[in-house]
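I opened the model to look up strand pairing, helix packing and a few backbone angles. My entries follow the display.

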Amino acid sequence: MKRLLALLLSVLLLASCFSGALADEKKTLTDDPINLTILTTRVSQYSTDVDTLWFFKYIEWWLKDQGYDATVTVQQTMEAGQQIPLLLATDSLPDLIWGIQLSNNNAVTFGQVDGVIMDWAPYLNEETMPNIMRLFKNDPSALAASTCNNGGVYSLPYMVDRGWGQAAGNQCSYVKLFVNTEWLKAVNMENPDTIEEFIDVLRAFKKEIKVEGQEVVPAVSLGNLLEQYLWANMGYYSGGAGKYGTNFCIKNGEVWYPAATADYETFIKIMNTLYTEKLISEDYYTMDNNTVRGISQAGAAGVVGDYGMQYVPDYTQWTQLKPFLIGETAEAVYATVNPTYTVGKIWASASTKHPEVLAQLLDYVYSPEGSVMYYYGPMKGQDPLGILSGWYYDENGVIMSEEVIKYNKEKGTDMDHFALGSDLVHSTIYTGNTIDYSRYAKVMAGLDSTLKTEIMKDAVTGQDVEIVWKVDYVPDNADGYLRHDAVKVWGDCITTVKLPSVYMTEEEALEAVDLQTVIYDYVVAESAKFITGLRPLDEIDDFQEELKKLGVEKYVQMYRDAYKTYMDSVFGK
C-alpha cells in the first residue's frame, strides 16, 4: 500500500507542473469551435441505436454550458474487436473511445511506445481532474493498475464500490458451486469437508436419488465453475485459475501457473474420476448453458455450478459447497472478491486537438453529479434538452420515470429506471464512476443519503475493509438468498488481494503472448485427453516435461518478475 501511495504522489507531482499551462490553454480555446468525436458500443438487450441515448446529447449541452462552442459526434461499433486494431494500426482513432476495453499490451505498444494513445498523466491533478483524483486517493490501487512502467496513464478505469457482505452482495465470481440439502438428507450425508467426501456424495446421489422422468446427473456446471471450485480448494486465488489452471494465481504468497505445478496431477485425477464414473455427464464438455440449466430446472442434479439459484425448483433447498483443503501443500483456502476497478475503459487519441477539454469532460463524468447524469439521466422536470421526463423516487423508494412506466405497460414488464438506462440514457454501465451515483441521486432528490457500512476482515492481509451497503439484500428471493448464503459459507475465506494488470515492455509483451498462446492451447488439448481417458494418467509427468520444452518456466518467471512489486507490497517480501 505504501508503494501504491508513493506512485499516486509521484503522478500528482508530475502532473502539477502542467496544471497552470493547461488552465491558460483552456482560456484561449473557449471561443473557438470544438468538434469532438466519440466511439462507443452498447451493452443492452433492448436496443442498439446509439442515436437514442440522452447522455451523449447532454455532454454537448454541458460543454456549451462550460463556455465551449462544442459539437459532439458519436459513432457506434458492434464489432470493436475488428475495428479497434485497424484504428490503432492506422492512427485514425476518434478523439475519445468510450467503454471499449483497451488491453494492457495495446496500452504499452500504442501508448508508451508508438504514442498513438493519449497519456492522461499530465492532467491527473487536483486542478484539472479533481473528481477522479478523489477516487484515486480513496483507492490508490486503481491508479497503480492503470499506470504503465513509464508512468503513463493511457486509460481511465471503471470504478465500483468494494462489494461483499450481507447487503453489498458482490460475491467471488468463481466460487459458485451449490449442493441440494434435501438430497444430502436423503442419502444421510452432510455438506462435505474433504474431496473424498465430495466424491462420495456424488456417488450416493447417482446410486440412491431418483427423479421421475429424468436421468439423474450428480453434478452439472456452467463454464468452469466446478473446476474453479477445485482449484480454489487447492489454495489458488486471485481471480480464478481457469478451467485447467491456465490463469496466474496466488498460492502461499507466491505467483503460480497452476497447470505447471504438482497440483495439476491432483486436479486431473479428480476430474477423471468424476468423468469416468459418470458423476458428471458424459456430455460435460459439449453442453451449452441452456442444457445445463435445463437439467437444473428439472431438479435432476444434486450439485449445480451457476451464477444464481433462479434456475432450480426451490432455491431454499440449496447451499454453497464449503471450502476445504485439497492436498497437503496449501496453507488455506481463500476467495478473492470482485475488484473495485476495471482498467482500460475510457481512452483517447494522442492526436486529439482538445486533450484538456476531454480531461474536463471526463472529470465531470467521474463526479457525483456526472455519475448520476450518466447512469440515471436528469431528475424529473430538469432535462435541459427537453428529451426525457426525468427520474424520481416512487412510493417504494425505487427510481422511476414516465418512459419506463410506458415501456412496462406496453411490454408487460416490471423494469425500474436503471434497468432501461442503456436504452434511454447511456451506452454501457461498465464506464466511469458507479460509486457515487446511487447516493448522490438521493442528495439531489433531498432524501436521506446515509449509507450503512460494515467492516470485513481480509482473510489474507488481516486488514479491516469497509463495505458500503448500497442495496439491502434480503433472503426471501433467489438472489438475496444466494448472497446471504455466500457470506455464511465463505465469509471467513474472503480477501481483496488480486493480481493487478501487468504492463511489460513491448518485447516482453510480445514474447509473453507467444508463450501464452502455445502453452494455453497445449494445456487445454492435453487436459481434455487426460480427463476423458484418451491419454493415460501415468503420462502426466511427461506432460509437465513437455510444458517445460514449450517454455513454461520462462513464462512463469516473466510474470513473477512483473508482479514482484505488487506481491512485495502485499506480503512484505
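**Basis.** I worked from a predicted model, where local features need pLDDT of at least 70, side-chain atom pairs count only at pLDDT 80 or more, and totals for chains, interfaces and linings use all residues. Residues are numbered from 1 along each chain as its sequence is written, and side-chain values use heavy atoms, with hydrogens and water left out.

**Sheet.** I took helices (H or I, at least four residues) and strands (E, at least two) as DSSP runs, numbered from the N terminus. Two strands pair if DSSP finds at least two bridges between them. I found an open sheet of five strands, ordered S2-S1-S3-S12-S4, with mixed pairing. Its edge strands are S2 (69–76) and S4 (156–159), each pairing on one side only. On average, neighbouring strands of this sheet are turned by 30° against each other, direction ignored. I then checked S4 against S12 (residues 341–348): they pair in the antiparallel sense over three bridges. Tyrosine 158 has threonine 342 in S12 as its bridge partner.

**Helices on the sheet.** Axes are lines fitted to C-alpha atoms, for helices over the stretch in contact (heavy atoms within 4.5 Å); angles run from 0 to 180 degrees between N-to-C directions. H2 (residues 54–65) lies across S1 (33–40), S2 and S3 (96–98), and runs at about 165° to S2. H3 (residues 80–89) lies across S1, S3 and S12, at about 135° to S1.

Aspartate 91 sits in the loop between H3 and S3. I noted its positive phi of about 50°, although it is not a glycine.

**H9 and H10.** The axes of H9 (residues 225–233) and H10 (residues 263–276) come within 11 Å and cross at roughly 140°. The two are therefore oblique (under 35 degrees is roughly parallel, over 145 roughly antiparallel, 65 to 115 roughly perpendicular, the rest oblique). I listed the contact residues, among them Leu230 and Trp231 of H9 and Phe267 and Met271 of H10.

Lysine 278 lies in the loop between H10 and H11 (289–297). Lysine 278 also has a positive phi, of about 60°, although it is not a glycine. I recorded it as partly exposed, at 47% relative accessible area.

**Hairpin.** S15 (residues 452–457) and S16 (residues 464–469) run antiparallel, joined by six bridges. Lysine 457 has aspartate 464 of S16 as its bridge partner. Six residues lie between the strands, and glycine 462 in this hairpin takes a positive phi near 75°.

Conventions: Buried means under 20% relative accessible area, exposed over 50%, partly exposed in between (1.4 Å probe, protein chains only).
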